[in-house]
Amino acid sequence: MTDRAELLEEFAALRFGMFIHWNSATFQFAEDHDDWCYGVTDNADSRYRPFSPGNFDPGPVDFQQWADTAKSAGCRFCALTAKHHEGFALWPSGATEHSAANSPYKGDVIAEYVRAMRANGLLPGLYYSMLDLRHNITERGCGAAQKELIFRQLEELLTGYGEIPILVIDGWGSAWGGPRFSQLDYAETAAHIHALSPNTLILNHSCECNTDHTDAIFFENAAGQRVPRNFKGYGAAGNKLTRHWFWKTVDAGRRCKSAAWAVNKKLRPMNKRGVVFLLNASPNRNGVIEENLAGVFREIGRMTQEVQ
């Protein structure tokens, strides 16, 4: 299937998905107020904090728990941060040494995640950040070698794990950094993605309310981007129950936003406007979604059983 209109209709029918933020930031920034080195545009900046793959050591990860949490809320797909702004690849990427291949974790996170989602009837989506501080892919530029890295990693993700129906892209023409479209051409990159995986939909966090640089508009709702009241297009919106996208050590004892907030203020209003809602889960350093967060997901499922 390569009919984009049909793919968009199928995406709109999903209604609800679980965002999963779990990457180097989980280990590196768990004690911080930020999830990454915001404002850094060059890794020679003294504020840049490099991450060592040797510190990615979660031990065995219960991917089934992730799937169970998503299903308990009525989610129909997930999207995992395969690479965030820091630049660490959760899979054994052949394009860089900055990947899980050089960590104590000897599995392939992406393969295990994809397998668990499919086994539980959930579509396995991925998130990929163009903004990459480790490889200096920022608003200052994206050279030929950096573009090659991006294209190689997209090929690895989109051809190595079976069909990936949803690709959330961040840090590309966005307000918080990453290459501009003049530095990394959208049409060429999208053509590369669609050639590799014709049925993959691009959801780009560029914060534009049009489809010039995306297949479906992604509203960065947690950053204050609102869905227009008269919105009629295909869209998605992401938000979170905790203060940050990635797990913090204080999160286990912190009260989350409520299921009522998620359902009545976000999920249902978004769905009425044709927007698919993604609610974030942030597993801890052991790869476990804390009970206070998992409990909210279960309560969402109880509240929405009549419409799921």
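Trainee: Where do I start with helix H5 (residues 144-159) and helix H6 (residues 186-196), and at what angle do their axes cross?

Mentor: In this predicted model, the axes of H5 and H6 come within 9 Å and cross at roughly 25°.

Trainee: What makes H5 roughly parallel to H6 rather than oblique?

Mentor: An angle under 35 degrees counts as roughly parallel, and the axes here cross at roughly 25°, so H5 is called roughly parallel to H6. The crossing of the two helices is right-handed.

Trainee: Which residues make the contact between H5 and H6?

Mentor: On the H5 side they are Lys147, Phe151, Leu154, Glu155, Leu158 and Thr159, and H6 brings Glu188, Thr189, His192, Ile193 and Leu196. Sorted by kind, the residues of this contact come to 5 nonpolar, 3 polar and 3 charged.

Trainee: How do helix H3 (residues 63-73) and helix H4 (residues 109-119) pack, and at what angle?

Mentor: Their axes lie 9 Å apart and the helices pack at an angle of about 45°. H3 passes H4 in a right-handed crossing.

Trainee: Which residues of H3 and H4 make that contact?

Mentor: Phe63, Trp66 and Ala67 of H3 meet Val109, Glu112, Tyr113, Ala116 and Met117 of H4, a set that divides into 7 nonpolar, no polar and 1 charged.

Trainee: Why is Asn136 called partly exposed?

Mentor: Buried would require under 20% relative accessible area and exposed over 50%, whereas Asn136 has 24%, so Asn136 is partly exposed. This residue sits in the loop between strand E3 (123-129) and H5, and its phi is near 55°, a positive value in a residue other than glycine.

Trainee: What makes Cys207 partly exposed?

Mentor: With the limits at 20% and 50%, the 27% relative accessibility of Cys207 lies in between, so Cys207 counts as partly exposed. Cys207 belongs to the loop between strand E5 (201-204) and strand E6 (216-219), and phi of Cys207 is also positive, near 65°, in a residue other than glycine.

Trainee: How do you know that Glu163 counts as partly exposed and not as exposed?

Mentor: Exposed begins over 50%, and Glu163 is at 45% relative accessibility, so Glu163 counts as partly exposed. Glu163 is placed in the loop between H5 and strand E4 (166-170).

Trainee: Which residues does Glu163 touch, not counting those up to four places away in sequence?

Mentor: Glu163 touches Arg118, Pro124 and Asn199 under that condition. As for Met270, which is 107 residues from Glu163 along the chain, the C-alpha atoms of the two are separated by 27 Å.

How values were computed
Residues numbered from 1 in each chain as written. Predicted model: local features only at pLDDT ≥ 70, side-chain atom pairs only at ≥ 80, totals over all residues. Heavy atoms only, no water. Axes fitted to C-alpha atoms, helices over the stretch in contact; angles between N-to-C directions. Helix = DSSP H or I, 4+ residues; strand = E, 2+ residues; numbered from the N terminus. Parallel < 35°, antiparallel > 145°, perpendicular 65-115°, else oblique. Left-handed = near helix turned anticlockwise from the far one by under 90°. Contact = heavy atoms within 4.5 Å. Nonpolar A, V, L, I, M, F, W, Y, C, P; charged D, E, K, R; others polar. Buried < 20%, exposed > 50% of the residue type's maximum accessible area, 1.4 Å probe, protein only.
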